[in-house]
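This report looks at one strand of a protein model, together with the strands beside it and the confidence of the prediction. Please look through the sequence and the structure first.

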Amino acid sequence: MRQIFRTILAGGVAIGMLGSAAVGQDAADQDQPDQEAPQQTPAPPTAAAALPPDGPRPTVALSPGPWRYETSAGTLDVKIIARQLDHPWAMAFLPDDSILITERPGRLRVIRNGRLDPVAIAGLPPINPTQIGGLYDIALDPDFASNRRIYLSYVKPDEQNHDQTTLAVMSAIYDGGMMLRDVKDVFVADAWYGARPWPQRCCGQGPGYGSWGGRILFGPDGKLYIGVGDRNYGEMVQQTDNDFGKILRINPDGSIPSDNPFVGRAGWNPQIWTLGHRNPLGLTLRPGTDEIWESEFGPRGGDELNIIEKGRNYGWITVTQGQHYNNQPAEGIRGVAGMTDPVIAFGPPSVNPGNPVWYYGTMFPQWRGDLFLPSFTEGLLRIRFDAAGQAEVQEKLIEDLGQRLRAVTMGKDGALYVITDETRGVVLRISAAR
Ligand SMILES: [Ca+2]
């Protein structure tokens with residue numbers, strides 16, 4: 001496994017991925033420049049429909065494994081624990097150790113006793129799986145053990161106009177069986193997009209059927225945080241009355257917390273917690289702190305890792321360390337008054353970050369306190385922060401498998417679980433070799 005990369009500084013210095021073999025392909029569906037005039041958006045299917053794959057091209061075919069790696073934490077075993085998942089996007093461990101998994105085309109699956117149930121859980125509303133849209137993230141209610149409530153983010157179709165979609169979050173009761181109950185939306189983004197004619201946009205931005213965001217997270221305050229992408233319409237992100245390019249904060253029932261930073265301010269959407277994001281695709285808590293960390297797809301060479309702090313502006317579209325797709329330089333790079341710089345900016349090339357996790361398990365004591373960041377192009381990055389907050393990519397795990405890694409989480413046993421966002425996606429378990 002490759003290791004040791006150029007030291008990078010916290011506070012916004014770009015990480016150079018020395019030794020990377022995965023250069024030359026930005027590989028991100030969200031990162032493609034605008035192809036304009038896409039085909040007619042298909043009608044939204046029901047969740048029960050069997051859908052053909054509708055995502056980006058497949059990457060390297062994955063062998064059945066298992067694999068063994070020598071790493072700084074000793075010998076690792078990597079094995080597939082679930083396969084034949086169609087673009088899995090998120091997973092959530094339940095108290096009984098079963099695992100809920102979303103498939104982006106619109107299915108909710110469950111692994112029980114180590115086995116993927118071949119039948120999807122029923123009860124989802126219509127979901128639009130156009131391009132990179134579909135069923136996204138899962139969050140368990142903080143009181144899940146007693147109320148069995150879950151939250152799912154998804155791309156919601158407009159029944160009247162199939163050109164229009166938006167990000168929404170539903171809540172439902174999941175009792176462990178094969179059916180959701182009491183399914184209802186608690187949030188629907190007001191930033192509908194796609195009515196023709198499309199607006200003129202700058203900077204070579206991607207198509208209007210991308211950049212929904214979609215990560216959701218319960219904060220230590222019991223509030224639900226929702227990452228909404230810029231819908232490839234970055235001109236709207238610095239406007240304060242909409243949902244584009246924002247991290248929103250709501251109560252679990254959908255109401256607006258009175259201590260949100262812009263409540264009562266004229267011209268502001270009161271759901272806003274932070275603004276200035278391009279496409280937030282990772283939200284995670286740092287254990288032992290109240291910090292919410294966010295990963296974000298930037299433009300070419302501008303992927304970011306941010307600490308999300310109340311009321312701050314993270315710069316997009318005027319300030320970014322990446323380069324616009326038409327090669328137009330950003331107005332600002334970093335250190336711009338009123339804007340918060342990323343902790344880390346990646347690239348070029350883009351790493352296309354997924355949902356990270358802070359490691360505090362016991363299986364790999366050498367890695368406690370490190371951040372694991374899945375990427376589409378560089379494998380699973382292990383990033384260490386020293387006492388001064390300086391970050392260094394120490395290792396790239398399973399990079400040689402050539403898979404687009406969408407999310408990583410830690411099991412109760414301290415093993416790492418990774419999902420691959422592929423047409424034939426899998427769940428990988430990374431554990432210490434026995
Ligand atoms: Ca930024």
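Why is strand S6 (residues 107-112) largely enclosed by the rest of the structure?

## Burial of S6

Strand S6 is largely enclosed because five of its six residues are buried, where buried means that 20 or more other C-beta atoms, placed from the backbone, lie within 10 Å of the residue's own, while exposed means 12 or fewer and partly exposed lies in between. Across the chain of 434 residues, buried residues make up 49%.

## Basis of the model

This is a predicted model, in which local features need pLDDT of at least 70 and side-chain atom pairs count only at pLDDT 80 or more, whereas totals for chains, interfaces and linings use all residues. Residues are numbered from 1 along each chain as its sequence is written.

## The sheet around S6

The chain has one helix and 26 strands, which are DSSP runs numbered from the N terminus (H or I of at least four residues for helices, E of at least two for strands). Four of the strands form an open antiparallel sheet in the order S4-S5-S6-S7, and its edge strands, each pairing on one side only, are S4 (88-93) and S7. Strands are said to pair if DSSP finds at least two bridges between them.

Strand S5 (residues 99-103) runs antiparallel to S6 and is joined to it by five bridges. Ile101 has Arg109 in S6 as its bridge partner, and Thr102 stands opposite Leu108 in S6. Three residues lie between the strands of this hairpin, in which Gly106 takes a positive phi near 120 degrees.

Two residues separate S6 and S7 in their hairpin, and Asn113 in the turn has a positive phi of about 50 degrees.

## Confidence and contacts

The mean pLDDT of the chain is 87, and 86% of its residues reach 70 or more, pLDDT being the predictor's confidence in each residue, from 0 to 100. Over residues 1-57, however, pLDDT stays under 50, although the model has 114 contacts beyond four places in sequence for them. Where pLDDT is low, the predicted coordinates should not be read in detail.

Two residues are in contact if their C-beta atoms, placed from the backbone, lie within 7 Å. Of the contacts in the chain with a separation of 6 or more, 61% are between residues 24 or more positions apart.
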